[in-house]
Amino acid sequence: MGTKMTPNYAVSFIANLEKKKMLAGYLLHPLHFHRCIDDIFVIWPHGLTSLHSFVSICNAFHPFTKFTSDFF
């Protein structure tokens, strides 16, 4: 993964992306949002259609980030 600091930079980058764009820039917000390195756990109470829209919008913020979703 490169240098020892690479995971710290990655976590800082995603945290900044979350605060300034993903969560602040969308009208609907998750009930619960928890990230652990490269996994995010979300409780989304607004329906499946708006969740797909939220993931698509998150993928548009930066060309090198890719969010996927699994539903259960």
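Phe41 lies in strand S2, which covers residues 39-43; strands here are DSSP runs of E with at least two residues, helices are runs of H or I with at least four, and both are numbered from the N terminus. The model is predicted, so local features need pLDDT of at least 70 and side-chain atom pairs count only at pLDDT 80 or more, while totals for chains, interfaces and linings use all residues. Residues are numbered from 1 along each chain as its sequence is written, and side-chain values use heavy atoms, leaving out hydrogens and water.

The protein chain contains two helices and two strands, arranged along the sequence as α-β-β-α. Its C-alpha trace spans about 40 × 25 × 15 Å along the principal axes. Of the 72 residues, 21% are buried, where buried means under 20% relative accessible area, exposed over 50%, and partly exposed in between (1.4 Å probe, protein chains only).

Phe41 counts as partly exposed because its relative accessible area is 43%. Asp70 sits in the segment after helix H2 (48-59), and it is exposed because its relative accessibility is 69%. Asp70 and Phe41 are 29 residues apart in sequence, and their C-alpha atoms are 10.0 Å apart in space.

Contacts in the chain can also be sorted by sequence separation. Among those with a separation of 6 or more, 30% join residues 24 or more positions apart; a contact means heavy atoms within 4.5 Å.
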